[in-house]
Amino acid sequence: MSRLRTSIFLIAGVVAVALAAGLSLFFGSTPIPPDQVLGALFSPDMANQEHVAILELRGPRTVGCILVGAAFAVAGAIMQGVTRNPLADSGLLGINAGAAFALALCLALLPGMSFAGVVGCSFVGAAFALAVVFGAVSFRRRNVDPVLLVLAGCAVGLFLTALAQGVAIFFNIGYSLTFWTAGGVAGIRADTLAMTAPFILAALVASWVLARRVTVLSLGEEAASGLGVNVGKSRTLCLLVVLVLAGAAVALAGPVAFVGLMVPHMVRRFVGSDYRAVIPASMVGGALFMLLADVLARTLMAPSEIPIGVIFAIVGVPFFIWCARREATGLD
């Protein structure tokens, strides 16, 4: 029955993602007639400005939404499984803030840096934040406490966010940094997508390969060791995958929060707790969630756009409070 539910969820999810991608191509802050959208897709004319807008703006943006949503959702699912913490995701554990702080330094000190350099800095910042959080929690401790992990992640995230804001004020880059940290996919282009897509796709494949290890780690360190899993090695591999997913996604769309928290929770209600089902289902759910949020961000106040991070905050904060109350007994 579980496999049947998973198969139904994945098939329905893929169809929904395809429909949402169509919405993303047809609807935007600037109206484009449907016949022009179809013409751009099937017989493109690069002398037609509307065709250019579809192929160079909406097209990469749509693909970027799919990749970013899948990356954040899978990163959150892995973090929740590895730490056995239902409130864990790359944002709540400070990883997104670490990547954003590194990007702030890039904007301030190296304004002419290439996008490849920006991606590299994003990875370094994410790794630094994760190392600080886990170092603070696991220092002289054998096991990682889920409650302390969330508290440490929030503290490190706030600290790095404050540092990023200080850098913005000192170097007068407040507008650029605010635009980035608000989260959004408006700046995604074909060249930036080509730079980060291989990292995200490789990490998504790796997460699928590691899915069984994540399931075993979610049972606890003693149970995982009893089943013959090398806990230290498996956790390190999983965290490396999270770093790549979060670092590349933040480089593309900024530190978008709550995707990695909400999507795995909703997915587990349908497919169960086996991460061989949770991870692919999170890919589909995250992509769908990001596409729909981006369409809303573009159309609610057209021709102006709402930062996509605002959409997720409106939905995510109440969800986080509900989740914290519901899962309180699971954090003991």
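Author: Ala, Val, Leu, Ile, Met, Phe, Trp, Tyr, Cys and Pro count as nonpolar, Asp, Glu, Lys and Arg as charged, and the others, Gly among them, as polar. This is a predicted model, in which local features need pLDDT of at least 70 and side-chain atom pairs count only at pLDDT 80 or more, while totals for chains, interfaces and linings use all residues. Residues are numbered from 1 along each chain as its sequence is written, and side-chain values use heavy atoms, leaving out hydrogens and water.

Reader: How many residues in the lining of the largest pocket are nonpolar, polar and charged?

Author: The lining divides into 17 nonpolar, twelve polar and one charged. Helix 6 (146-171) is among the helices that supply at least two lining residues each, and its nine residues are the largest share. Helices here are DSSP runs (H or I, at least four residues), numbered from the N terminus.

Reader: What makes a space a pocket and not a cavity?

Author: On a 1 Å grid over the protein atoms alone, a cavity is a set of points where a 1.4 Å probe fits but cannot get out, whereas a pocket is an open set with protein on both sides within 12 Å along at least five of seven lines. Lining residues have an atom within 4 Å of a point. The volume is the space filled by probe spheres set on the points, which are joined across faces, edges and corners; for the largest pocket this comes to about 640 Å³.

Reader: Why is the contact between Arg61 and Asp294 called a salt bridge?

Author: The term requires a side-chain nitrogen of Lys or Arg within 4 Å of a carboxyl oxygen of Asp or Glu. The closest N and O atoms of Arg61 and Asp294 are 2.8 Å apart, so the pair qualifies. Arg61 lies in helix 3 (residues 49-83) and Asp294 in helix 13 (residues 275-299), so the bridge ties together parts 233 residues apart in sequence.

Reader: What makes a set of residues a nonpolar core?

Author: Its members are buried Ala, Val, Leu, Ile, Met, Phe, Trp, Tyr and Cys residues joined through side-chain atoms within 4.5 Å. The largest such core has 101 residues, and Met290 is one of those with the most contacts inside it.

How values were computed: Buried < 20%, exposed > 50% of the residue type's maximum accessible area, 1.4 Å probe, protein only.
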